[in-house]
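This report describes the helices of a single model, their packing and selected side chains. The sequence and structure are shown first.

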Amino acid sequence: MDDKQLMENLLLLEKGACDLFMHGAIESSTSTVNAAFDRALTESLALQDQIYTKMAARGWYAQDTAEQTKLNQVKQKYSAQQA
């Protein structure tokens with residue numbers, strides 16, 4: 001297993017942890033439990049961003065840019081649905 005595969009696995013695991021912490025916060029029954037999950041989610045999101053940034057710097061995580069016309073189409077679509 002090379003460094004790229006290790007980083008991909010770390011990123012996937014961290015994304016999974018974020019998902020679990022988010023659902024824990026949503027389903028928490030007390031404000032204390034909610035705050036604990038919220039803190040864990042915030043820390044996990046920061047770690048996920050660090051992993052992503054390191055991968056992107058090495059060219060291991062491609063960054064696609066969206067065309068402005070496509071962004072405008074999506075924006076118009078959802079703006080029309082809310083009206």
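A residue is called buried under 20% relative accessible area, exposed over 50%, and partly exposed in between, with a 1.4 Å probe and protein chains only. The model is predicted, so local features need pLDDT of at least 70 and side-chain atom pairs count only at pLDDT 80 or more, whereas totals for chains, interfaces and linings use all residues. Residues are numbered from 1 along each chain as its sequence is written, and side-chain values use heavy atoms, with hydrogens and water left out.

**The two helices**

Helices are DSSP runs of H or I with at least four residues, strands are runs of E with at least two, and both are numbered from the N terminus. The expected span of a helix is 1.5 Å times one less than its number of residues. Helix α1 covers residues 3-27, a run of 25 residues, and its first and last C-alpha atoms are 36 Å apart, close to the expected 36 Å. Helix α2 has 27 residues and reaches 39 Å between its first and last C-alpha atoms, close to the 39 Å expected. Just after α2, Gly59 adopts a positive phi of about 80°.

**Packing of α1 against α2**

Two packed helices are described by the angle between their axes and the distance between the axes. Here axes are lines fitted to C-alpha atoms, for helices over the stretch in contact, and angles run from 0 to 180 degrees between N-to-C directions. The axes of α1 and α2 come within 8 Å and cross at roughly 160°. That angle makes α1 roughly antiparallel to α2; the classes are roughly parallel under 35 degrees, roughly antiparallel over 145, roughly perpendicular from 65 to 115, and oblique for the rest. The crossing of α1 past α2 is left-handed, a term used if the near helix is turned anticlockwise from the far one by less than a right angle, with right-handed used if clockwise.

Contact means heavy atoms within 4.5 Å. Buried residues in α1 are Met7, Leu11, Glu14, Ala17, Cys18, Gly24 and Ala25, and the buried residues of α1 pack against α2 (31-57). In α2, the buried set comprises Ala40, Leu41, Ser44, Gln48, Ile51 and Met55, and their cover includes α1.

**Selected residues**

| Residue | Relative accessible area | Class |
|---|---|---|
| Leu13 | 63% | exposed |
| Leu41 | 15% | buried |
| Tyr52 | 23% | partly exposed |
| Met55 | 1% | buried |
| Tyr61 | 30% | partly exposed |

Leu13 belongs to helix α1. Its C-alpha atom is separated by 9.1 Å from that of Gln48, 35 residues away along the chain.

Leu41 is part of helix α2. Beyond residues up to four places away in sequence, Leu41 touches Cys18, Phe21 and Met22.

With residues up to four places away in sequence left out, Met55 touches Met7, Glu8, Leu11, Trp60 and Tyr61. Met55 and Lys4 are 51 residues apart in sequence, and their C-alpha atoms are 7.7 Å apart.

**The aromatic pair**

Rings of Phe, Tyr and Trp (its six-membered ring) pair if their centres lie within 6.5 Å; planes under 30 degrees apart count as stacked, over 60 as edge-to-face and the rest as tilted. The structure holds one aromatic pair. The ring centres of Tyr52 and Tyr61 are 4.8 Å apart and the planes stand at 85°, so the pair is edge-to-face.
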